[in-house]
Amino acid sequence: MQKQLVTLAASAILSLTAVSAQAAILDDVKAKGYVQCGVTGGVPGFSAPDSNNVWTGLEVDFCRAMAAAIFNDADAVRFTSLTSQERFTALSAGEVDVLSRTTTWTMSRDTQLGITFVGTMFYDGQGFMVRKEDGIASTLDLSGAAICIESGTTTELNAADYFAANNMEFNTVVFVDQDEVVKAYEDGRCDVYTTDSSALAAERSKFANPDDHIILPEIISKEPLGPVVRSGDSQWFNLARWTYFALLEAEELGVTSANVDEMLGSDNPAIKRLLGVEGDFGTPLGVTKDWAYQIVKLVGNYAETYDRNVGPSTPIGLERGLNALWKDGGIQYAPPIR
Ligand SMILES: N[C@@H](CCC(=O)N[C@@H](CS)C(=O)NCC(=O)O)C(=O)O
């Protein structure tokens, strides 16, 4: 009997803790008035400060979209630059509310660090860059070459696997900071620079002579990049996850920042639900029913953020590829809002 009481008391404490943990982050964010967003030190197109020190990029837009949903103000975000090595500790320690930083969703990260991946904002894969003048045509020609790599990344692990699997000599030069990696490659201390292929394109766009460098054709890994939150707060997780889905759903339904006001009058029931004209899908997330309207109005849909940050007309120049919506041959897919 006594044992049962103790067990009951323990489970009551546990569920109380779970309830308070559940509401904590959104309440804190509302109280302080902004979302603290963990980003890179600067990867153009993904998260980088522009010439006026304003953060822009696909990953930045995700945080801006969360702020739009919470505050009707996409600028209610502050950014913290984090290296690959420090990013997970910063998130676990509560230094940031969400991490939106070229971060690959892997099983050990998702299950062993007290953090939870929200979704895949960008399907990527690891590639290799070399100097054109070196005449290298394939990653299989890289045995023994000096390879510049950032530490604390999947990049290191994938490259080690790939070289071992192909019986190639693995010779790395490892740095904590991305700028050091790129500088070492530019200074000729390494023959090869390897990272997520989107970031190779982003870095190459910053080089003095981008055409002197080529990205080899092989992609050696899956790098699903997405936002991450602390585990144990389902309200905050749901808000993050449905912010991502709302960006996709808006694209799928043809709702853009330019036409969203007009779309308020649409007869399409899916558009009415997305924009909060019919039903209330915001209150259960802890925000108002026009949460997705605010996201689209203030940030745009997924295609808009993709196109202005990393798309073919930007210096990064990435086709949609896997990141197209499912109905256009890609794998970006949002469950229905209903
Ligand atoms: N996606 C990989 C690599 C992430 C990564 O750190 N990439 C580098 C190259 S793009 C980066 O973002 N560096 C930015 C920085 O260190 O500020 C991972 O999650 O481990």
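**Notebook: the ligand site**

I began with R101 and found that a polar side-chain atom of this residue lies 3.0 Å from an oxygen atom of the ligand. I note that the model is a predicted one.

I then looked up two further side chains. R87 places a polar side-chain atom 2.9 Å from an oxygen atom of the ligand. For T102, I read a distance of 2.7 Å between an N or O atom of the side chain and a ligand oxygen atom.

I turned to the site itself. The ligand takes up the space of the largest pocket. I listed the elements that give two or more residues to the shell around the ligand, and they are α5 (154-165), β11 (192-196) and β13 (223-225).

I went through the shell by residue. It holds 20 residues, of which G41, S84, T102, T104 and E150 come nearest to the ligand. Sorted by class, I recorded eleven polar, six charged and three nonpolar residues.

Terms used
Residues are numbered from 1 along each chain as its sequence is written. This is a predicted model: local features need pLDDT of at least 70, side-chain atom pairs count only at pLDDT 80 or more; totals for chains, interfaces and linings use all residues. Side-chain values use heavy atoms; hydrogens and water are left out. A residue is near a molecule or strand if one of its heavy atoms lies within 4 Å of it. A polar contact is a pair of N or O atoms within 3.5 Å; within protein, one must be able to donate a hydrogen and the other to accept it, and residues adjacent in sequence count only if both atoms are side-chain atoms. On a 1 Å grid over the protein atoms alone, a cavity is a set of points where a 1.4 Å probe fits but cannot get out, and a pocket is an open set with protein on both sides within 12 Å along at least five of seven lines; lining residues have an atom within 4 Å of a point. A molecule sits in a cavity or pocket if more than half of its atoms lie within 2 Å of its grid points. Helices (H or I, at least four residues) and strands (E, at least two) are DSSP runs, numbered from the N terminus. Ala, Val, Leu, Ile, Met, Phe, Trp, Tyr, Cys and Pro count as nonpolar, Asp, Glu, Lys and Arg as charged, and the others, Gly among them, as polar.
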